[in-house]
Amino acid sequence: MSAQGTPMVAGKMTTSRATPKGAWTITFLLFLFMLVNFADKIVVGLAGVPIMTELKLEPEQFGLLGSSFFFLFSIAAIVVGFIVNKVPTRWVLLTLAVIWALAQFPMVGTVSFTTLLICRIVLGAGEGPAASVAMHAIYKWFPDEKRTLPTAILSQGSAFGVILAVPALNWIIVNHSWHYAFGALGVVGLIWVCAWLTLGKEGPLENTQVLAATEPRIPYIQLLTSRTFIGCVAATFGAYWALSLGLTWFTPFIVKGLGFSQQQAGFISILPWVFGATIVILTGWFSQVLMARGVTTRLARGVFGSVPLVIGGLILATMPHVQGAGFQLGLLVVGTGLCGAIYVVCPPMLGEFTPASQRGAVLAIYGALYTLSGIIAPLVMGTVIQRAGSMLDGYMTGFTINAVIMVGSGLLGLLLLWPNTEKARLTGGAAAQAAPLKGAVSPT
């Protein structure tokens, strides 16, 4: 492999590999996979007020419910990440989707807080590996220089999962019951399972079992302590803090904090995701354009993903100091929406220097670490609200904490994200380790 990442064969430079037929069909199916994933995530936040009313929950208890989704999220992500190094992603994705669907159905009937808590923990265990496995699967269909745009499309499954699902789920909640909203998600999950059984395939560009036997391996300790890996975890931790608050607390904030009705909340709740979707698509497209023009991945991916985090945090920090529900809502939407850029650039950066046979585990560990903020953020917000002088003051304090974390994580990203030099350092070391072995077994 040359320094620019262009394959070398017999001393000659080859052209970029073509995208295999069927790659965009798989991309669309995995986009729908992530759409269902995030619809499952947001339903508790969307139904937050009815759930708290029916089950008589305090803010701190509801914060615990939001956090419970992430209790096994990271552990499951790491375990499954190592599994997909050996097992085809097609079957792993199928298993995860079945777990999601089955975890929804117990909520259709009358449930206690404990039952709801357990079902959310099980759902979180099933959804923890989802993003990293889907990303690993899509990278088997696209060469490195063409991965940013499909990564952006895959990431948009999350936004469209909210944009499309929220009005439909909210209609069910308002006109029927929050219980049936969970049941509807279970049915949709089973429909995706049937579609994937029919159309899902393994990517032809990489066979991880063959690669594991032939390509140089890099010790995991070197991969996981590289500054780009640490930078990706730190930067995405701050972005996910904002996302997990949006999943759990955004709808309760606009209903109880700003005074909108549950019916109005169904439409308002999609605004951050519409803006975030725009940011992600533009980031993916522009980053790929920059790379095509020879810009380093340090700039096209590292800087381009980190700067929006800092700007978003600064915008969010002004929210408690302005008056008017509309103005506050606008700052919240823009400030948190800018976080989306980091999700597009970090997986391709890690893929730059991680051997394909180890990529599933590395992406999973990355996801497991940054989503730890999903355990902390909802519970922190619930505790702050319960102990504040007024509910609105509590929300504003919670969003200020979010702003500080976003700015700090963005600055760490700017400092640490150097995937181009990381690749040269790590792959150079792997080649040096492989050379003595090659000489020992070569007949010449």
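The protein chain contains 21 helices and 2 strands; helices (H or I, at least four residues) and strands (E, at least two) are DSSP runs, numbered from the N terminus. With a radius of gyration of 22 Å, close to the 22 Å that the globule rule gives for 444 residues, the chain is as compact as a globular protein of that length. The radius is taken over C-alpha atoms, and the globule rule is 2.2 Å times the number of residues to the power 0.38.

The model is predicted: local features need pLDDT of at least 70 and side-chain atom pairs count only at pLDDT 80 or more, while totals for chains, interfaces and linings use all residues. Residues are numbered from 1 along each chain as its sequence is written, and side-chain values use heavy atoms, with hydrogens and water left out.

**Overall dimensions and surface**

Along the principal axes, the C-alpha atoms fill a box of roughly 75 × 45 × 35 Å. Of the 444 residues, 57% count as buried, where buried means under 20% relative accessible area, exposed over 50%, and partly exposed in between (1.4 Å probe, protein chains only). Carbon and sulfur atoms hold 71% of an accessible surface of about 17500 Å², computed by the Shrake-Rupley method with a 1.4 Å probe. Among contacts (heavy atoms within 4.5 Å) between residues at least 6 apart in sequence, 85% join residues at least 24 apart.

| Residue | Relative accessible area | State |
|---|---|---|
| Lys-56 | 69% | exposed |
| Gln-104 | 1% | buried |
| Pro-129 | 0% | buried |

Lys-56 lies in the loop between α2 (48–55) and α3 (59–68). Its phi is near 55 degrees, a positive value in a residue other than glycine.

Gln-104 belongs to helix α5 (residues 89–104). Its side chain makes a polar contact of 3.1 Å with the side chain of Asp-40; such a contact is a pair of N or O atoms within 3.5 Å, and within protein one must be able to donate a hydrogen and the other to accept it, residues adjacent in sequence counting only if both atoms are side-chain atoms. Beyond its neighbours within four places in sequence, Gln-104 is in contact with Asp-40, Leu-123, Phe-182, Leu-185 and Gly-186.

Pro-129 sits in the loop between α6 (113–127) and α7 (130–138). Residues up to four places away in sequence aside, Pro-129 touches Ala-76, Ala-77, Val-80 and Leu-96. The C-alpha atoms of Pro-129 and Gly-367 are separated by 7.8 Å, although these residues are 238 apart along the chain.
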